[in-house]
Amino acid sequence: MELPFAESWKIKMIEPLKKSTREQREQWLKEAHNNVFMLKAEQVYIDCLTDSGTGAMSDRQWSAMMLGDESYAGATSFYKFQEVVQRLFGFKYVIPTHQGRAAENVLFSYLVKEGNVVPGNAHFDTTKGHIESRHAKAIDVTIDEAKDTQLEIPFKGNVSLEKLEKVLVENKGNVPFMVLTVTNNTVGGQPVSMKNIKETCELCHKYGVPVVMDSARFAENSYFIKTREEGYADKTIKEIAREMYSYVDAMTMSAKKDGLVNMGGFIATNREEWYEGAKLFCIPFEGFLTYGGLNGRDLNALAVGLDENTEFEMLETRIHQVQYLASKLDEYGIPYQRPVGGHALFIDADKVLCNVPKEEFPAQTLTCELYLEAGIRGCEIGYILADRDPVTRENRFGGLDLLRLCIARRVYTDNHMNVIAAALKNVYDRRNEITRGVAIEWEAPLMRHFTVKLRRLGK
Ligand code: F0G
């Protein structure tokens with residue numbers, strides 16, 4: 001008999017979980033204004049809000065923390081971290097920051113000017129926020145196929161070279177850089193192929209436009225290249241990552257995902273003038289150049305995390321679990337962005353809550369229903385997250401309306417996946433009875449989904 005698949009690690013420390021009653025959850029969700037970001041974590045049974053900073057560190061990472069050097073300047077921790085970044089990505093200049101958006105803030109403060117245009121394959125919301133708040137424009141150039149959730153193609157996060165070229169031609173001299181996000185979180189954690197990375201960079205460079213790789217899930221992207229793209233099956237994850245970065249000009253990184261740490265980020269580049277420019281903003285925003293908002297122990301844990309998570313077995317275990325959950329949803333016929341991506345399942349709320357009009361935010365409604373059903377916290381990646389158009393102030397209904405269920409790295413077991421799937425099935429089975437959604441009572445002008453207050457309609 002062939003031996004079944006199993007995790008490439010074992011568990012040394014556990015954290016108890018609390019269950020609750022439906023009555024309690026009704027009360028808590030009301031108090032949270034139907035916004036799951038406002039729930040207390042202890043009111044949640046299985047937390048799929050994000051895979052960001054929620055992973056479990058290894059014994060090696062914890063032991064590296066004890067060796068953290070907390071010197072203000074020139075700590076050994078910085079040099080250990082810098083060595084790993086230089087080795088993995090091939091960039092000479094490295095600036096640590098406290099998280100990914102801080103890396104964006106520091107680098108974009110130098111690069112983005114009012115009126116600029118910054119194309120990208122579905123900018124993450126903080127990335128878009130950092131562009132739009134500087135009165136510049138973020139234009140999505142993801143392939144159209146990404147919008148068809150039922151279409152199965154291996155690299156659904158790809159850039160449309162046609163769309164990109166159009167932006168580059170129409171905005172000549174006004175594009176400071178392009179953002180290439182791997183994996184493409186917004187369209188479902190979908191990977192970008194090496195071929196597409198290379199061609200995107202060649203096209204940008206032809207127009208004199210540099211490319212910044214938004215790298216939060218670069219290791220998962222490398223795994224998909226290895227397992228799906230011709231010519232990469234025999235390459236190591238580290239070799240693949242190194243090739244990906246050989247094409248781009250710089251990276252911003254949220255280390256809270258594929259860095260396997262709870263907090264951290266960085267910028268890396270070979271462009272000396274960008275390094276010099278970004279340095280000026282790092283010091284006032286993040287702190288001195290050898291700590292950038294991080295403790296020495298954090299930098300040590302990150303150095304180990306980056307090394308660990310660029311090993312095949314670690315990624316295979318992770319993606320296997322995400323794919324296991326997807327296989328349960330297949331069994332129940334629940335529609336999600338196919339094929340499943342690297343870090344999460346993205347349930348196609350439009351296809352589940354068909355009776356809820358888009359103006360009443362189906363994905364947000366589904367998020368609430370899943371929480372009420374079993375205390376599972378997902379996150380809307382849809383019309384609320386899309387914010388309003390900065391010029392017309394209209395809601396942006398043009399994209400997908402998804403409920404994202406993120407899987408934290410090395411945290412839950414496949415039994416938890418079974419619970420998530422069963423809870424979703426229960427909601428799915430009564431989907432036709434759900435006819436009303438939510439209405440916005442209060443919203444922030446930018447990145448509203450974190451703090452929005454919503455009223456449940458028809459209840
Ligand atoms: N880029 C991408 C692709 C991201 O997914 C995120 C964060 C960031 C940048 C910003 O990094 O959180 O460290 O400041 N994504 C999280 C998520 C929050 O839930 O998808 P950060």
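1. Cysteine 368 is buried, with a relative accessible area of 0%. This is a predicted model. The closest cysteine sulfur to that of cysteine 368 belongs to cysteine 379 and lies 12 Å away, too far for a bond.

2. Cysteine 204 is also buried, at a relative accessible area of 0%. Its closest cysteine sulfur is in cysteine 201, at 6.6 Å. A disulfide needs the two sulfurs within 2.5 Å, so this pair is too far apart for a bond. The count of disulfides comes to zero.

3. Next, the cores. The largest nonpolar core has 57 residues. Ile197, Phe218, Met244, Tyr245 and Phe266 have the most contacts inside it. Methionine 244 touches Val182, Met194, Ile197, Met213, Phe218, Asn221, Ser222 and Ile225, leaving aside neighbours within four places in sequence. Another core, of 33 residues, lies apart from the largest one. Ile334, Leu366, Leu370 and Tyr428 are among its members.

4. Look at the packing of two helices. Helix H3 (residues 76–89) and helix H9 (residues 237–247) have axes 7 Å apart and pack at an angle of about 80°. H3 and H9 are therefore roughly perpendicular to each other. From H3 come Gln86, Arg87, Leu88 and Phe89. They meet Lys238, Ala241, Arg242 and Tyr245 in H9. Tyr245 is also one of the residues with the most contacts inside the largest nonpolar core.

5. Two cis peptide bonds deserve a check. One joins valine 182 and threonine 183, with omega about -25°. Threonine 183 sits in the loop between strand E5 (178–181) and helix H7 (194–206). Val182 is one of the contacts of methionine 244. Another cis peptide bond joins arginine 338 and proline 339, with omega about -15°. Proline 339 is in the loop between helix H12 (312–332) and strand E9 (344–348).

6. Positive phi values also call for a look. Alanine 122 has phi near 55°, a positive value in a residue other than glycine. Alanine 122 lies in the loop between strand E3 (117–120) and helix H5 (125–132). At 5% relative accessibility, it counts as buried. For arginine 410, phi is near 65°, again positive in a residue other than glycine. Arginine 410 is in the loop between strand E12 (402–406) and H15. Its relative accessible area is 17%, so arginine 410 is buried.

7. Methionine 57 touches that arginine, Arg410. Methionine 57 lies in the loop between strand E1 (46–47) and helix H2 (59–65). At 14% relative accessibility, methionine 57 counts as buried.

8. Serine 109 belongs to helix H4 (residues 100–111). A polar atom of its side chain lies 2.6 Å from the backbone oxygen of asparagine 105. Beyond four places in sequence, serine 109 touches Glu104, Arg134, Phe281 and Phe285. Serine 109 has 15% relative accessibility and so counts as buried.

9. Histidine 416 is in helix H15 (residues 414–429). Its side chain reaches the backbone nitrogen of threonine 413 at 3.0 Å. Leaving aside neighbours within four places in sequence, histidine 416 is in contact with Leu17 and Ile46. Histidine 416 is buried, at a relative accessible area of 17%.

Key: Residues are numbered from 1 along each chain as its sequence is written. This is a predicted model: local features need pLDDT of at least 70, side-chain atom pairs count only at pLDDT 80 or more; totals for chains, interfaces and linings use all residues. Side-chain values use heavy atoms; hydrogens and water are left out. A nonpolar core is a set of buried Ala, Val, Leu, Ile, Met, Phe, Trp, Tyr and Cys residues joined through side-chain atoms within 4.5 Å. Buried means under 20% relative accessible area, exposed over 50%, partly exposed in between (1.4 Å probe, protein chains only). Contact means heavy atoms within 4.5 Å. Helices (H or I, at least four residues) and strands (E, at least two) are DSSP runs, numbered from the N terminus. A polar contact is a pair of N or O atoms within 3.5 Å; within protein, one must be able to donate a hydrogen and the other to accept it, and residues adjacent in sequence count only if both atoms are side-chain atoms. Axes are lines fitted to C-alpha atoms, for helices over the stretch in contact, and angles run from 0 to 180 degrees between N-to-C directions. Angles under 35 degrees count as roughly parallel, over 145 as roughly antiparallel, 65 to 115 as roughly perpendicular and the rest as oblique.
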